[in-house]
Amino acid sequence: MNRDYFQLKNKVCVITGAASGIGLATAQLLAEVGSKVVLLDINEKNGKEVEADLNNQGRSARFIKCDVTKSADCQHVQELLEKEYGSVDVLFNNAGIIRRKSVVELEENDWDLVIDVSLKGVYLLSKYLIPLMAAAGGGSIINTGSGWGLKGGDQAAYCAAKAGVVNLTKAMAIDHGPQNIRVNCICPGDTDTPLLRNEAKQLNLNEDIFLISSGADRPLARIGKPQDIANGVLFLASELASWVTGTELVVDGGGLA
């Protein structure tokens, strides 16, 4: 075989939460294999730095400030992409947020924020970008779920949002399969990102100790690196996954085994 199935040359790949963590690692990897990455985030400073860094490496990157909880922002992204690229090939709905509290402890605004960013954001951006993807003949959507979208954990809103993402993924796969759009969910275990480190702060725990303990009881005895998750996203975006849709890829060092 002389064909490189992992090349995404000139594919337009849109990534939310792209200014840090898993989104950043995925942007770097997809740019490395030839895609035109579109970076979406509310953190304009970091987003523009990532954009500049990738372009200085000879990659193709475009940052657009976007709050995925706002319909107007997502529609604006659609309009810019249609004007500048004409189509979308890959959408990685990755933006998320955590509030580590029970339903009793959660304030209503915290519940709304977690659900809006992690679940409503998937709906909104997909709503506006799927028509572009369909018009171009199809593509791949990857939604970020979580191990806690498949089992319970001690953060109620996050578990609810991620379980919603898992089942929304299946519904989208059914709805948009006829348009040659594959929709899958990647479910990371604990991964060394600003999101996980923020959990330690919410629990008033030492970050390094918290990260070590989060991986200690996994079969592979470590937490994930953002690159571990990015590798899974690349697989789901690539031709190697051409008959994979409506499923969850768990990348967690064996945590759910």
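**Notes on the predicted model**

1. Asn 55 is located in helix H2, which covers residues 44–56; helices here are DSSP runs of H or I with at least four residues, strands are runs of E with at least two, and both are numbered from the N terminus. The model is a predicted one, in which local features need pLDDT of at least 70 and side-chain atom pairs count only at pLDDT 80 or more, while totals for chains, interfaces and linings use all residues. Residues are numbered from 1 along each chain as its sequence is written, and side-chain values use heavy atoms, with hydrogens and water left out.

2. With a relative accessibility of 33%, Asn 55 counts as partly exposed, where buried means under 20% relative accessible area, exposed means over 50% and partly exposed lies in between, using a 1.4 Å probe and protein chains only. If residues up to four places away in sequence are not counted, Asn 55 touches Ser 60 and Ala 61, a contact being heavy atoms within 4.5 Å. Between Asn 55 and Ala 31 there are 9.5 Å from C-alpha to C-alpha, at a sequence separation of 24 residues.

3. Is Asn 184 buried or exposed? Asn 184, which sits in strand S6 (residues 181–188), is buried because its relative accessible area is 0%. The side chain of Asn 184 reaches the backbone oxygen of Val 244 at 2.8 Å. This falls under the polar contact criterion, a pair of N or O atoms within 3.5 Å; within protein, one must be able to donate a hydrogen and the other to accept it, and residues adjacent in sequence count only if both atoms are side-chain atoms. Leaving aside neighbours within four places in sequence, the contacts of Asn 184 include Ile 141, Asn 143, Thr 169, Leu 236, Val 244 and Thr 247.

4. Thr 247 belongs to the loop between helix H8 (226–237) and strand S7 (248–251), and is partly exposed, with a relative accessible area of 33%. Beyond four places in sequence, Thr 247 touches Thr 169, Val 183, Asn 184 and Cys 185. Gly 86, by contrast, is 161 residues from Thr 247 in sequence and 28 Å from it in space, C-alpha to C-alpha.

5. Two backbone angles deserve a look. Most residues other than glycine have a negative phi. Asn 10, in the segment before strand S1 (12–16), has a positive phi of about 65° although it is not a glycine, and at 48% relative accessibility Asn 10 counts as partly exposed. Asn 180, in the loop between helix H5 (156–176) and S6, likewise has a positive phi, near 65°.

6. For the chain as a whole, there are 8 helices and 7 strands, and 48% of the 257 residues count as buried. The C-alpha atoms fill a box of roughly 45 × 45 × 40 Å along the principal axes. Among contacts between residues at least 6 apart in sequence, 71% join residues at least 24 apart.
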